[in-house]
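Here's a quick look at the pockets of this model and at what lines them. Have the viewer open as you read.

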Amino acid sequence: MNEIKLVIAGPRGNMGREAVTLTQETEHFSLVAVIDSKHDGKWLSEVDGMPELDIPVYTDIKQCFTEQKPDVLIDLTSPEIGKIHLEAALDHGVRPVIGTTGFTQEEIDRLRTKAEDKGIGAIIAPNFAIGAILMMKFAQTAARYMPDVEILEMHHDRKLDAPSGTAHKTAQLISEVREAKKQGHENETEDLQGARGADMEGMRIHSIRLPGLVAHQEVIFGGPGQTLTIRHDSINRASFMPGVRLSVETVLSLDTLVYGLEHIIE
Ligand SMILES: NC(=O)c1ccc[n+]([C@@H]2O[C@H](COP(=O)([O-])OP(=O)(O)OC[C@H]3O[C@@H](n4cnc5c(N)ncnc54)[C@H](O)[C@@H]3O)[C@@H](O)[C@H]2O)c1
Ligand SMILES: O=C(O)C1=N[C@H](C(=O)O)CCC1
């Protein structure tokens with residue numbers, strides 16, 4: 001396979017560190033620069049706790065793209081910054097692989113049009129773990145037969161966004177196969193605000209944040225006399241790296257924006 005020149009945004013984070021390791025362990029991946037919120041002009045090796053790599057650190061993504069001309073950007077920063085970086089990548093003809101969440105459908109549609117106008121691929125992946133993609137696919141299938149469903153997502157307590165991108169995507173996939181439906185008792189009340197969770201087309205989404213967790217989700221279906229629970233657990237961030245690698249390799253041959261790895265692992 002040809003060498004792929006990569007830039008990682010957020011290299012000091014939990015995911016960014018794993019991604020830096022991935023680039024070092026993958027023969028055809030060449031990490032040419034990283035984008036950090038500080039340490040501009042340093043080498044990665046000069047940043048506390050980072051590996052001994054002579055890779056330049058930039059704080060200005062545009063400067064980075066102009067000087068390094070990477071093929072692919074991997075963004076693992078925050079929902080707010082991920083959006084800005086995706087747009088900057090498209091503007092510079094760099095193919096973005098975005099791991100951050102929080103994109104609205106309108107934003108996705110607009111960015112897809114932009115990617116298509118430029119004729120380059122882009123991937124937004126709310127969850128890179130293959131098991132999580134399967135959980136979502138299985139949940140979509142189950143919802144055709146058991147439309148009463150609640151989603152329980154559980155993450156570490158450093159997570160900024162709620163509900164998780166995965167829960168949101170799961171609800172969206174389920175809504176493609178089931179009619180909107182109010183669940184629970186028609187006269188139910190919330191004596192404590194939020195007790196019934198968020199409401200998406202009648203599906204309830206509950207977000208748990210605790211130290212010790214990484215990323216977990218249960219999709220619980222209920223029908224007369226039975227329940228079905230589909231559960232996925234990421235027990236460490238290495239679980240996301242095969243999906244990151246697949247995304248980088250796939251985005252090169254796309255000419256549109258793909259939202260969700262379920263479109264890639266058919
Ligand atoms: N898609 C997935 O499978 C998946 C998996 C895990 C996490 N995530 C998402 O990825 C993101 C990162 O997760 P994490 O656990 O590594 O978080 P983290 O807080 O450990 O790391 C985020 C890093 O981004 C850096 N950063 C912030 N602003 C920046 C900027 N302007 N430029 C460059 N770097 C900047 C921070 O300094 C930090 O080092 C989150 O949005 C999270 O929800 C996605
Ligand atoms: O750690 C996080 O933050 C994660 N976010 C993703 C989400 O919002 O769905 C899933 C993987 C971990």
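## Ground rules

Helices (H or I, at least four residues) and strands (E, at least two) are DSSP runs, numbered from the N terminus. The model is predicted: local features need pLDDT of at least 70 and side-chain atom pairs pLDDT 80 or more, while totals for chains, interfaces and linings use all residues. Residues are numbered from 1 along each chain as its sequence is written, and side-chain values use heavy atoms, without hydrogens and water.

## The largest pocket

A pocket here is an open set of points on a 1 Å grid over the protein atoms alone, where a 1.4 Å probe fits, with protein on both sides within 12 Å along at least five of seven lines; lining residues have an atom within 4 Å of a point. The largest one holds about 950 Å³, the space filled by probe spheres set on the points, with points joined across faces, edges and corners. It has 37 lining residues, and Met15, Leu76, Thr77, Ser78 and Thr100 sit closest to its centre.

Helices H1 (14-25), H3 (79-91) and H6 (165-175) each put at least two residues into that lining, and H3 gives the most, with four. By class, the lining has 14 nonpolar residues (Ala, Val, Leu, Ile, Met, Phe, Trp, Tyr, Cys and Pro), six charged (Asp, Glu, Lys and Arg) and 17 polar (the others, Gly among them).

Thr101, Gly102, Phe103, Gly165 and His168 are the closest to its centre, out of 13 lining residues. That lining splits into six nonpolar, six polar and one charged.

Terms used. Chains lettered and ligands numbered in written order.
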